[in-house]
Amino acid sequence: MASPSYLHNATNDELARMVTALTEELWILRDRVMTLEQVLDDTKVITVEDIDLHEPATALDTRLRRERQRLIHKVLGAPLAIAR
């Protein structure tokens, strides 16, 4: 499968490095969130179950949706633009 035109000079090693770097950053965020959840649960500020069951209010839900779309566009914007 050929790479999209904007990656025509990228090697498989470069793409693998990019995916590895993103995976490392994602893990750091997940590790920190899980740690934060546990500290909050341990100190009885809020439980992990409270977080799991939380349904965001309209303002937060709107913000989360906007940020999710921004991230999708930022990460997948070029391939999506080419597909159109």
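Q: Which side chain of opposite charge is nearest to the buried Asp41?
A: In this predicted model, local features need pLDDT of at least 70 and side-chain atom pairs pLDDT 80 or more, while totals for chains, interfaces and linings use all residues. Asp41 is buried (under 20% relative accessible area; exposed is over 50%, partly exposed in between; 1.4 Å probe, protein chains only). Asp41 has no salt bridge (a Lys or Arg side-chain nitrogen within 4 Å of an Asp or Glu carboxyl oxygen). With Lys and Arg counted as positive and Asp and Glu as negative, but not His or chain ends, the nearest opposite charge, 4.6 Å away, is on Lys44.

Q: Which residues is Asp41 in contact with, leaving aside its neighbours within four places in sequence?
A: Residues are numbered from 1 along each chain, and side-chain values use heavy atoms, without hydrogens and water. Asp41 is found in helix α1, residues 12-42. Its contacts (heavy atoms within 4.5 Å) beyond those neighbours are Ile46, Thr47 and Val48.

Q: How many helices and strands are there in the chain?
A: Helices (H or I, at least four residues) and strands (E, at least two) are DSSP runs, numbered from the N terminus. From that end the elements run α-α-α. The counts are 3 helices and 0 strands.

Q: Is Ile72 buried, partly exposed or exposed?
A: Ile72 lies in helix α3, residues 58-83. The relative accessible area of Ile72 is 32%, and therefore this residue is partly exposed.

Q: What percentage of the residues of the chain count as buried?
A: The chain has 84 residues. Of these, the share that counts as buried is 4%.
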